[in-house]
Each structure stands twice: as C-alpha cells, then as structure tokens.
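Let's walk through this model together, chain by chain, and then look at a few individual residues.

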Amino acid sequence: MNFWDRYRKKLKKLSRKETPPKIDNSLDHKLDTNIDKLKKELGESSDLVVRHFELGEEFCVAAAVVYMSGLVDEKKVNNFVAESLKVEDSLKKVPYPQKSMFDIVKSRALSVNKVVVAAEWDKFLLSVLNGETAILVDGSNEAITANTKGGETRDVSEPSTQLVIRGPKVSFTESIGTNVALIRRYIKSPNLRFETLQVGSITKTDVAIMYLKGTANEKVLREVKKRLNKIEVEDIFESGNIEQYIQDNAFTPFPTIYNSERPDAVVGNLLEGRIALIVDGTPFVLVVPAIFIQFFQSPSDYYQNYLIGSFLRLLRIISYIISILTPSLYVALTTFHPQMIPTSLLISLAAQHEGVPFPVVVEVLIMEFTFEIIREAGLRMPRAVGQAVSIVGALVLGQAAVQAGIVSPTTIIVVAFTGIASFATPSYNIAVAPRLLRFLMMILAAAFGLYGVFVALFILIAHLTSLRSFGIPYLSPFAPFILSDLKDTLIRQPLWSLVLRPRLINQQNVKRQERGKKPSPPEKHEDN
Amino acid sequence: MRRVVSGLFVLFGTTVLLTGCWDHNELEEVALVMGMGIDKTEDDLYKVSFQIVNPAQVSGGDMAGDTGEGTSVTTYIETGETLFETTRKISSQVPRNLSFSHMVVLILGEELARDDSLYEIMDFTERYYGFRPTTLVLLAREGQANSILSILNPMERIPAMKIEETLQKTTEAWGENPERNINDVVQSLSTKNKNLTLSGVSLVGDKDEGQRADKNKEAVPGSYVEISGMGLFKEGRLEGWLDDREARGIAWVLNEIRRTVLTIKCEKNKELIAAEVRYSKTKLTASVDEGKPEMTINVQGEGPLEEAACPMDLTDPKVIDQINEKFESAIKQEVTKAVKIAQEQKNDVLGFGETISRSHPEEWKSMKDNWDETFSEMDVHVEAEFFIRKTGLRTNPLILDKK
Amino acid sequence: MEKAKINGWQFFILIFLFELGTAIVVNPGLDAKKDAWLAVLLGVIIGLVFYLVYYALYRFYPNLTLIGYTKEILGKYVGFTAGVVYLLYFLYIAVRDLRDFGELLTASTYTYTPLFVINAIMVLTVAFVIRYGIEVLARTGELFFSMLMLVGVIGTTMVFISGRMDLNKLLPVLENGWGPVLSTVPLTYTFPFGEMVVFTMLLPYLNRPQIGIRVGWTGMGLSGMLLIWVVIMDITILGVEIAARSTFPMLAAIGLVDIAGVFQRLDVAVVMTLMIGGFFKIAIFFYAALISAAELFTVPTYKKLIIPFSIIILIASMTVASSSVDHIKEGIEIVTYYIALPVQLGIPLLLLIIALVQKRINPR
C-alpha cells in the first residue's frame, strides 16, 4: 500500500459519485422541441446547420435537416437530402397523415448509403456529432441519419517514419475508413473481420479491432476486448493513449505493443495471427501481441533477397546492442580495465585525455546529454532550421569542444557512433529505450567497471524476460526458446522456408504454405 | 514490493557512487610501466627501474602536443627490500599510479640471476594481480638492467617495446634466442630440476650517450641495445652463457626453432649454400635399458634454398639430395655439440628428465635423485632429416657457367 | 511454491549453469594433480548415479518438493527438523558461493573494492531477478546460456590458436596410483555434482515429470564434460604445478592467451562471463532457501522473504570466514565431509529407503 494506490482509489470513488442524472433519452414528437433541445445542448454552436422546409402540399409537414458543417461532405448531404425528399409526387396524389410522411421519407432515404433510424436522443446526438446528417420530421419521434462523413482529411501519402527503399509507398491516414480500406485492399479474404467500438467518454473515438478469423489467437482477442472495455477515460486522441491503457506492464521503457503506419507491415502481422487496433484520428495502427524482435523487422526485409535481408536484420540488432553498451563499455574499459585495451591504443587514448579537465564519465555524460539535446532540438524545429541545428551541434560544437580541450576526440567518436547506431533501429519507440538506459549503465560502469555493466545487463535481461505482451513472453522465441520460430528473427530465412506461423502468436491454422517450394531452374530434358 | 526493492537499490547505488570508486583510475592518473628492470645493490637491496611512457610524446595526432621535444619514456629508479615495496615507494618520484598491465619486458640483472633471487622475483610477478603473465623475461648480459632500460631508440618510440619486438622477431627468424615469458619461467622453476634458458640483452656503446633523445637524429646510433646470447640456468641460478650455433643447438633440441638459416660449404670449395628452415620439428624419444637411459633426438626440417654460390646443377634431384644430406649433418653437428655442452655442465636444460619421467615414470623414480650424474653420462643419438622444397626464382646458380 | 512450469530445455540450462557455477573457476580436484580430470570424471559418474535417488523420490511424490516429502515420509516433527536442516544448508551454500564469487572478483580485478560492496551488489541483482519467479530465472538462463556458449567457443578457439596447450603435461597418467585420485573424489562429487540435491526443490516445476531423468543426466553429463575439459586446459596450459598453486586456475590460463597482441588480457572478460554461472548458482540456492522457508513456515508468498534473506546472506557471506584462506580450507575439509555428504547423500538415501519400505508395507 502506498501513496499512488491510495490516490488511485480516491479517483475511483470520485468517478463513482458522478453518475449522470437520469434524463429523458428519447426524441420528442415535435420538431421544434427537438431542434431547440439540440441547439441548447450544443450551446448554439455556429457550425450546426439546421435547414427547415415543408413537405407536401395539402398537409404541410415541417421537416428539418441537421448536420455539422465541416464534418460532412456537402455533396453527400445534398444528395441524401435530394434523394430522400423526392416525395412530392407521391404526396400530391394521396393525402397522408404526418406519421406516414416519416415512413415515406425513410423508404426514399434507403437509396442513400448507411441509413439508420435513431429513436434515442443519445444516438441521434452522437451521429450528428460524428458527421452524419439527420432528417427530423415533425410528428415523428425518430430521426433518419445517414453517413455523410467527409470534410477535410489528408490524402494517402508516403510513410514518413518507416521508410523503405523497396516496398509500397503508402501509409495510413487519420481516417479510420481509409485505413480499414487500405488493409482490405491487401487481404481479400472473408475471414478478415473488424469490430468497432468507441473509447473515451467525451471524444468517443472509434477504435477498430481487426483480425483474421481462424488465424488470430482467440484468447488474445478476448483479452484485447476486455482491456479496451476497461478503459474509462474522457479523451483518446491517438493510438499512443490506448497503448498506455492496455499494455501489460507500464513500468518499462520498452514498448510491448507494436505500431506502424505502413499497411503492408500491419497486414503481415495480421497474417501471422496478430490483432490490429485502428484508432480514428491517427495514422499509427497498433498491433498486438508484440515481441521484442518484431521491432527490428522492417517490411523491406521481405521484399529483398534473404541474404541481404538477413544481413541488414543482424546489423540492426548489433547496432541496437552497440547503442546500449558502447558508452558504458568505453567508460568501464578506460577507467577500470585498461589492461584490456591494446597498448598502442591505450597510449593514444591517454595522450588524448591529457589535459582534459573532466573524468571520462563526466565527459561522456556531458556529450551524451548534449547529443540528446541536439537531437531533440533538431526534431522539433522546422525542417530547414532542424538541419542547421544538427550542423551546428555536430560539427561546430563537437569540433570546438575538442579543440578547446574540454573533451577528448575519442569521446566524441564514441558518442557519435552510439548516436548513429541508435538511428539504425527501424522502430522509433524501441529505439528510444536505450537513450534512457544508457545513462543508467554509464553510471554503473563508472562505479564498478565491467562488473557494473554486467549487473546492469543482468537486470535488463531479467526485466525483458519478465515482460509479456498480451500474455506472450516478450523475448520469445529466444526465451522461452522456440527453435522453429527462430527462422525469422536474427536472420530472415528464405520465404519458402517460412512454412509455419510463429508458434506462440497463434496455435490454430499454423501452416501458411506448403513445404518444398524452393525455386529452381527448369529441369533438363534429354532432348534439349 | 518492487518499489521498495528498487528504492533500496537506488539508495544503495547512490551511496556507493558517493563514497567513491575504489578501483577507478582515470587515464591521466595512470603511469604505464612498459619495462621493469631489477638489479641488486651492494647492501643486498633491490634496485628496480621502471620505464614509464609519456603518452603525449608517443602518440601521433592533433592532441599529442609537441612531439619530439621531450623523451617518449622516462626511467625511474627506486630501491627497497622487497619488490612490492619499491612499486609503492616510487610514488615519491612518480605522480601517478603505476600500472603493470601493459608491461612488455622484465629485465633481470646478471648478478641478480647468479644468486637465488629468481624465486622471489617470480613469486611477486606471479602473485601480484597487476602483472601480465605474458610479459617477456630477459637477462641483462654483462651489465645492469637499469642501464638497458634507459637507452632510447629511434625506430620504436618505446624502448621496452623495441626490446620485446626485437626478441620476438629474432626468435622467429633466427631462433638462437628463446622467447620466455613470466609464466614459462615459473613453469620451469616448478619442475624438478629448475633448469631453464633465458635470452640475454646487452648494451652496445655508451650508456650516457644512449639516454639522450637527440642522439636519435643520427643515422648510425652510437649506442643501442641488442639481444645477445642464451643464459643457462640450473637450479634457478644463472650458470653460463651460450652463443651462436651452440645456443641454436639447444633450441633445436627444445623444438623451439620456428625459422632459421642453415649455411653449408659445398664440396671442398669455399662457396656457400644457404637455406631457410621454414618448418622444423624435434622429437625426443627416451628409452631405458637396464636402468640406463638413452635418448634419441630426431630433428626434421624443410625449407627453400635461398642463396647458392656453388657451381652445382640444381635441376638435378640427386644434387639436391646431396645438399639435403649436408644440411642434415650440419644440424646433427649443431645438436650434438649443444648436447655435449649441456652434459659437461651437468645441466639438463634440454628437458630430458621431463621426457623420461613421462614415458618411463617407474624407472624415473629411481633415477631422479641422481639425475645430474645420469644425465651427463647418458647416451644420446641424434638423427636429422632435411628437405629442400624449392630453389627460389632461379634454377641453376649464376656461378655454374663460370666453371 | 509458486505456480509456474518450466520446460525440459530450461531445466537443462538451469542444471548446466548451476553445475558450472563457481566450479569452473575454482576447479575442484586439482589436489589429484595431473589426474584431476579423472577425479572430476569419477565425481560426475557418482553424481549421475545418485541423481537417481533424487529422481526416484520425485517420482514417488511428483507434486512435492524435498521439504514436502520429508514431512510425508518422516512425519511432522522429524520432517520439519530435516526441512530446517535443508533450509540452512541451502542458505549456507548460497552464502559460500557468494563469498567465492566475491573473492574471485576482489582477487582478480577489484583489488581495492571492499568485498562487502561486491557481494551486496550481487545479492541485490539476484534478489531483483528472483522476485520475478522461477520462470523468469529460467528464461534469463536461456539467454545467458547462449552467451556463455558463445564466449566458451570463442575462448576455446583462441586457446587453440594461441598454441599454448601441451597435452604432454598430462602424462604420465596415474603417476602416484589411484590413491590421490580416490581421496579427491569426495570433493569433486560434493562440489558441484552432489549439490544437485537443490534441484529436488525445483523438480516439481518440471512440465513433464518423465523427462526429469533425461534432462538431469544430460545437464550433469555435459557440464561435467565441460569441467573436465577446463581442468585439462588448465593443466596443459599452466602445468600442473602452477595450476594447483593458483587460487583461480582458469583465470591464470586464460590470462596467457595473447593473439597478435590484440586479443590479450581476456581474463577480465572471462571473469565477467563467469559471473553468469556464479549468478545462477547463488540464485538457485537462494530461491531454494526461499521456497523451503515459505513451505516450512507456511508463508503465503516467498517474495516477502526476499529482503530479510538477502540481508542474512549478505552479512553471513562477510562473516562466514575471516580470510580467503579460511574460506577455502573450510570448503575442503568441513563442508565436504560433515555437511555435504550427509545432506546430499545420507538423508536422501535414508528417505528413499523409508519411502520404499512404507510403500511395501502400506501400498496404496
């Protein structure tokens, strides 16, 4: 029991007290009452458009079209209204009471896509806020709503965070519909399912759970739904918010949920039996369960020769290890174990360090910290300025620091190398973890040399093995060791040899292709 | 629970960090000892000299400062009753902590080697964690170790490394001088007979002149250090020196020839033929007959002919066979002579005792107490095989036509 | 006991790392001089045979730990006492291994660092990992196993390349007869092969009981082979005289490797690698002590005991011996004959006999 737990309990109590008072949750028969209520609830908002008109000649029935400007596609609205209100002819002939007027409009409206009848006030309100257009007819306590969502959205463009040399140049957009379509375009299978739910008590953000039925792990799927339903928060803006609510262990710098803005990456994962979560309003799609090695797989690995793909994969993993270990090893070796450095190198290190006012640790810490600042500054600046920042930071600052004798050139080399190595990781969110860990390891290395580094490694690896992503051990297939899953980890074996899907991710529909499909030149015939 | 543990960890960590890092040494706090020389003073104290690098004078690059002004190394001398004492006492002269982990040579004064001090020295180098067991051990021939260490040298900026590299090179290319490190010496001292051979290093020219850095500007240095001879130890004491072919004979027996050059006279003329031994292997086979040990030494070698000043038809395999035989007898002669010297000195540096104890452990038990005598009287057969594998870029010698 | 299952491969790795543990650096058996490898070989064989005792007990009571079935076999009070003996034994060996480890580090590279600090950090690390439970420990083992193998293969290759091994140094075999070898065997059996008794606490976690024997034997056999190899390496590189005089022979042997002046002074790296074995040995004993205490005193979760036990182990590791000489002497003379043999062999054999008799009299 500690402070935080108590604080959380308190919050829970608070939320329980605030149960909303029972309000009348139905539409009124009178049109004006409805319109007034709507205007009042939305606070006379100026983007609410209400268009009044009358239907019929003999029995003039008042009706209104309601929508939020900006959220809708005006063309679709006009189309919808025009289609559903072409009632004039039929009305002329037969005088109908008000009640049936609604039915006529409804039957007409069906020709437009996704028409729903909303009887509850909540549903009606939400659909208007969602960018749908509603038709209210006087005398009817129901509303006809149609999906006229539109407004300003970004076009499908090239991915900006996960670049590949070869592969589709498509990335997700902020619109959930587009994103689902992008995935559908890849998987033409009736087994591709998606379920939508809304998260966030105020933002009501659409979240789509997408999976391949029969391939995805049912247990994980249930778990995902359970966790999504457990979220009780007002606002969800981005998939990152969801991620923080549904991950297994919050107390870790390592991401346990994969995200991507590349449809092909997400599709690949869906086919392996994973589950995608598409959140409206962000191009970053979440994929669960995620394992450590997954963050080092780039879609382009699969598009090129497997030898090169494997080499690049291995290179990324090595550079990741470098980015964690190099500075601390440098500190440990120079200050604790100079005997491990070859003599001539040690002499030149000592010569460089002659006259530098700081101990090696402090030197490295200063430079690492400076590097982090430069990196962050370069990231936030407009693109043109960002380049200037990095030039000033890297060239001028580094060069000047060396010439002024404040740091030794080797330190600059070490820090720069570490920095570059950390850029080689294809996933940003796992590449940031070492940035934090590095400092910790450096301090341990400065206190205990290699022993400190090793202790840190032990703790780090134990921590990693203890992590799980939706029940799947994070470091699988290394620990627990699964031989058959190793084919697509440190190296990528040829596509034809990847016969089985990863074992831990899914247990059903394991086979993804037939064995023995290795390509070969045509068999020689004797008459040739 | 986790927070408690991690909290404790952080708390403990910070305390540890604040109280200090015990084995932590900044680079500029360390004095790298490259060579160490040990002598004895008249009042039986150790006189230890440490050759310490001045990194800024050695290293190239921008940061190295003004190279060429100071000396690349400085040699400090300290005396004390024990060796360890001197390594700490020297702090009154050197402002840094001595680090022996990169030391390449340990040079023992000749006088010191003639008494029992070798055990004490070797125990220290073995026990003290700072030493590297692969540090080479040499004897300062006809002189003091400290004077050897104080000679500067133009080609290799660090004199100790020059000595190390010269020894390694000559052992590899010429074979006369054994390359022994601390561990080898300790191993030899742990055997029953405590016999071993060590290379000598001696000073040529004037010591005072050699200490100055500016003499390095001469093309022909007036004073320098060279590897010379092989010191023979018996029971851990230096007994005598061997040079040239005799030393190489010992090396043949010990199977320590990696490469060397054999020279023979052809026919009765004075002209010479030289071949490089590229590969050689020596096998010792012991046999015991009625309590009397016998030893067979079988030397195998092969290599190319590199110099031929004889009027001989080198395209003829028979001629080559004849030359082979001559080389074989040359090897035999060298080995026999070396064995004879060892037997005269009653000093089993050849490791015959070890060989017998391995192959005939039962018989060895009765022999070992009187081994020196047995050794000096035992029969030794020497066999040699040599093959010329090629004759270089030409077939017949230039001189062939002159005939 | 916590709710966890470990598979055969993980169990094998735990055994392997455990057996290598500190034995690989300290190298028991060098008292038998040139025939040390024979002594270790006999130790392995005896160890393999007596592993059958532990395995038989486990098959009789597949869901119980050693603590559980001693109570079952010996009755409540005697069983409890026997349980306490084992608890103390596990704790004591954890303490000894921690001290071994600390001595190694302070003798080789951290000569000025207080033993207490080295030990304290190790205990903290072990405690941190154990808190995650046996599954995480086993999985961590899988990763470090491959690391150890990698270092082992590279190290062995380097030793070969450096050409310092001289197999002649092993000759003649049995120079002084079987006497010295046989008198060393109790030592090589009890350390480390008899220490397998601690796995009676872990066997119930095995997911398939029938592979217990296979996994145990391969683990012990392979690690025994590796220990023999290391002893041979030590002797052939260093010569038996130096090897027998060294506090840590393997360290001295690896220190001699020098390839082209670049790969040299590998001993520090080796020390760090040996940390892996030491870590797992301490961790397994620590864990066994924790779960036996939890079972004996019916503590709901062993995690509550981690902090007090850490402190006990740490303080005991400082006070168990006044000097490294004392520590080693104690290990060879007292622990082997008065502690290890009865606990590793005597009590389990007795338990097995009583259990067999009980089964005969009262077959259920």
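Predicted model: local features only at pLDDT ≥ 70, side-chain atom pairs only at ≥ 80, totals over all residues.

Residues are numbered from 1 along each chain as its sequence is written, chains are lettered from A and ligands numbered from 1 in the order in which they are written, and side-chain values use heavy atoms, with hydrogens and water left out.

**The three chains**

The table sets out a few like items for each chain. Helices (H or I, at least four residues) and strands (E, at least two) are DSSP runs, numbered from the N terminus. Buried means under 20% relative accessible area, exposed means over 50%, and partly exposed lies in between, with a 1.4 Å probe and protein chains only.

| Chain | Secondary structure | Span of C-alpha atoms along principal axes | Buried residues |
|---|---|---|---|
| Chain A | 19 helices, 12 strands | about 105 × 80 × 50 Å | 49% of 528 residues |
| Chain B | 14 helices, 15 strands | roughly 85 × 60 × 60 Å | 50% of 403 residues |
| Chain C | 14 helices, 2 strands | about 65 × 45 × 40 Å | 61% of 364 residues |

The radius of gyration, taken over C-alpha atoms, can be set against a globule rule of 2.2 Å times the number of residues to the power 0.38. For chain C, with 364 residues, the rule gives a value near 21 Å, and the chain has 20 Å, which agrees with a compact globule. For chain A, a compact globule of 528 residues would have a radius of gyration near 24 Å, but the chain has 30 Å.

In chain C, residues 24 or more positions apart account for 84% of the contacts with a separation of 6 or more.

Chain C comes to about 13,200 Å², with 70% belonging to carbon and sulfur atoms.

Charges come next. Lys and Arg count as positive and Asp and Glu as negative, while His and the chain ends are not counted; the place of a charge is NZ of Lys, CZ of Arg, CG of Asp or CD of Glu. Chain A has 60 positive and 53 negative side chains, with the centres of the two sets 8 Å apart. In chain B there are 48 positive and 69 negative side chains, and the centres lie 4 Å apart. Chain C has 24 positive and 21 negative side chains, with centres 11 Å apart.

**Where chain C meets chain A**

The contact takes 34 residues from chain C and 27 residues from chain A. About 2,700 Å² is buried between the two chains, and carbon and sulfur atoms give 76% of that; buried area is the accessible area (1.4 Å probe) that two parts lose on being put together, summed over both. Tyr110(C), Arg139(C) and Leu143(C) supply 22% of the area that chain C buries against chain A, more than any other three residues.

**Some local views**

In chain B, helix H10 (residues 244-253) is mostly covered, with 7 of its 10 residues buried. Among them are Arg248(B) and Trp252(B). H10(B) is followed by Asn255(B), whose phi is positive, near 60°.

In chain C, Thr70(C) sits in helix H4 (residues 66-74). Thr70(C) counts as buried because its relative accessibility is 0%. Beyond its neighbours within four places in sequence, Thr70(C) is in contact with Gly75(C), Gly79(C), Ala82(C) and Leu351(C).

His327(C) lies in helix H14 (residues 324-361) and is buried, with a relative accessible area of 1%. Leaving aside its neighbours within four places in sequence, His327(C) contacts Arg96(C), Arg99(C), Asp100(C), Val320(C) and Ala321(C).

Is Arg208(C) buried or partly exposed? Arg208(C) is partly exposed, with a relative accessible area of 43%, and its place is in the loop between helix H8 (179-190) and helix H9 (212-238). The C-alpha atoms of Arg208(C) and Lys5(C) are separated by 9.3 Å, although the two are 203 residues apart along the chain.

Definitions and conventions: Contact = heavy atoms within 4.5 Å. Areas by Shrake-Rupley, 256 points an atom, 1.4 Å probe, with all protein chains shown as cover.
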